[in-house]
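Please look through the structure shown below before reading on. The report that follows takes up the inside of the protein, its charged pairs and its surface.

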Amino acid sequence: MSDLIKVIGISAKGFHGVFASEQRRGQRFVVDIELTLPLKNLNDDLSKTVNYAEVAQIAHDQITGKPVQLIETLADNIATLVLKEFKKVKEVKVIVHKPKAPISLRFTDVSVEITRKR
């Protein structure tokens, strides 16, 4: 199955991280989500697909919600909720970007990518 819906660049301030300073100050996290589901014979009917605004809201709520230490956990929490809420989704890929990770070297981004299937 190769039908995909992608929501790219969901951004919000969160307080995730191992260090107390990260949990206190917070920082911007960016989430990309890719949904695999059948998109055949929709007949222009939203109820036969997934409302991507609702998917984006799940990611936003997890970014701004209860802090976790690892972005791996954040990605897994988002994926788990998407699969729970949207039965039509067969597979979900979640990428969590932490562009201001506490690394003392120059870098562009840190990200974690996970894929979960039914």
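## The nonpolar core

Which residues touch the most other members of the largest nonpolar core? Of the 30 residues in this core, they are Val 31, Ile 33, Leu 35, Val 92 and Val 94. The elements that each contribute two or more residues are β1 (4-14), β2 (27-36), α2 (52-64), α3, β3 (91-97) and β4 (111-117), and the largest share, seven residues, is supplied by α3.

A nonpolar core is here a set of buried Ala, Val, Leu, Ile, Met, Phe, Trp, Tyr and Cys residues joined through side-chain atoms within 4.5 Å. Buried stands for under 20% relative accessible area, exposed for over 50%, and partly exposed for what lies in between (1.4 Å probe, protein chains only). Helices (H or I, at least four residues) and strands (E, at least two) are DSSP runs, numbered from the N terminus.

## How the model is read

This is a predicted model, in which local features need pLDDT of at least 70 and side-chain atom pairs count only at pLDDT 80 or more, while totals for chains, interfaces and linings use all residues. Residues are numbered from 1 along each chain as its sequence is written, and side-chain values use heavy atoms, with hydrogens and water left out.

## Salt bridges

With a salt bridge taken as a side-chain nitrogen of Lys or Arg within 4 Å of a carboxyl oxygen of Asp or Glu, the count comes to six. In one of them, the side chains of Lys 98 and Glu 22 meet at 2.6 Å, N to O. Because Lys 98 lies in the loop between β3 and β4 and Glu 22 in helix α1, this pair ties together parts that are 76 residues apart in sequence. Lys 98 is buried, at 8% relative accessible area, and Glu 22 is buried too, at 6%.

Another salt bridge joins Arg 116 and Asp 76, whose closest N and O atoms are 3.0 Å apart. Since Arg 116 belongs to strand β4 and Asp 76 to helix α3, the pair links parts that are 40 residues apart in sequence. Arg 116 is partly exposed, with 32% relative accessibility, and Asp 76 is partly exposed at 28%.

## A nonpolar surface patch

Val 18, Phe 19 and Leu 70 form a nonpolar patch on the surface, with about 270 Å² of accessible area together. Such a patch consists of residues with over 30% relative accessible area and no salt bridge, the nonpolar side chains (Val, Leu, Ile, Met, Phe, Trp, Tyr) being joined within 5 Å; accessible areas come from the Shrake-Rupley method with a 1.4 Å probe. Val 18 sits in the loop between β1 and α1 (20-25), and at 46% relative accessibility Val 18 counts as partly exposed.

Conventions. Patches are made of residues with over 30% relative accessible area and no salt bridge: like charges are joined within 9 Å, nonpolar side chains (Val, Leu, Ile, Met, Phe, Trp, Tyr) within 5 Å.
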